[in-house]
Structure formats: structure tokens, C-alpha cells
Amino acid sequence: DRQRPENPFRHFTVLHIQHCSGDMHIGDVRRWYTDLSGSPVEQRGFHNAQAALHWAKANMDDQLESLVVGGCSAGAVGAQVWAP
């Protein structure tokens, strides 16, 4: 809740990385099986997370005082991998 003064993250910019490939933000593989539409399943969470972090650093570097990496469920595993 960004309205609560006790929230230490209320003034932070949030960059949300969707988790949809089941790879905990660390995958880089094309699977042999296909999805329901017949397309090969690709798990590229590593590249997605890396691109988001590069974007944040490139676009906010002059404003960036700290970087907090967090997540829940599978995102918590990815957060441990990507923590600076």
C-alpha cells in the first residue's frame, strides 16, 4: 500500500516481470514438446529477467539509489538467483 507512511517501498519504482514459462526466471531452453496450439514450448525466463534488469539500469541509472529484487512463489527462487 503506497499510501501508508510505514511502507518502506512506497516511493520505489516497481518493475514487474511476469512469470509464465514455469522456469523460475532462470530458464533458457526450447522443449521438445508443444503447447496446445502446436508451438514449441520455450522457457526463456533468464533472458526476460536479464532484459528487465538491463532496462532498469539503463533507464534509471541516474535516479537509482538502490535496487531491490523480490518475488513470491516461483518468483522467490528467481529473486535469489538475480539478487545483486
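Phe 12 counts as partly exposed, at 29% relative accessibility (buried is under 20% relative accessible area, exposed over 50%, partly exposed in between, with a 1.4 Å probe and protein chains only). This is a predicted model, so to speak of local features takes pLDDT of at least 70, and side-chain atom pairs count only at pLDDT 80 or more, while totals for chains, interfaces and linings use all residues. Residues are numbered from 1 along each chain as its sequence is written, and side-chain values use heavy atoms, with hydrogens and water left out.

On to the rings. Rings of Phe, Tyr and Trp (its six-membered ring) pair if their centres lie within 6.5 Å; planes under 30 degrees apart are stacked, over 60 edge-to-face, the rest tilted. That rule gives 2 aromatic pairs. Phe 9 and Phe 12 have ring centres 5.2 Å apart and planes at 85°, so they sit edge-to-face. Trp 32 and Tyr 33 are edge-to-face too, with centres 5.4 Å apart and planes at 90°. Trp 32 is exposed at 78%, while Tyr 33 is partly exposed at 34%.

Now the charges. There are 4 salt bridges in the structure, each a side-chain nitrogen of Lys or Arg within 4 Å of a carboxyl oxygen of Asp or Glu. Among them:

| Salt bridge | Closest N and O atoms |
|---|---|
| Arg 4 with Glu 6 | 2.5 Å |
| Glu 42 with Arg 30 | 3.7 Å |
| Arg 44 with Glu 42 | 3.0 Å |

Shared partners join Asp 28, Arg 30, Glu 42 and Arg 44 into one salt-bridge network. Glu 42 is partly exposed at 38% relative accessibility, and Arg 44 is partly exposed with a relative accessible area of 26%.
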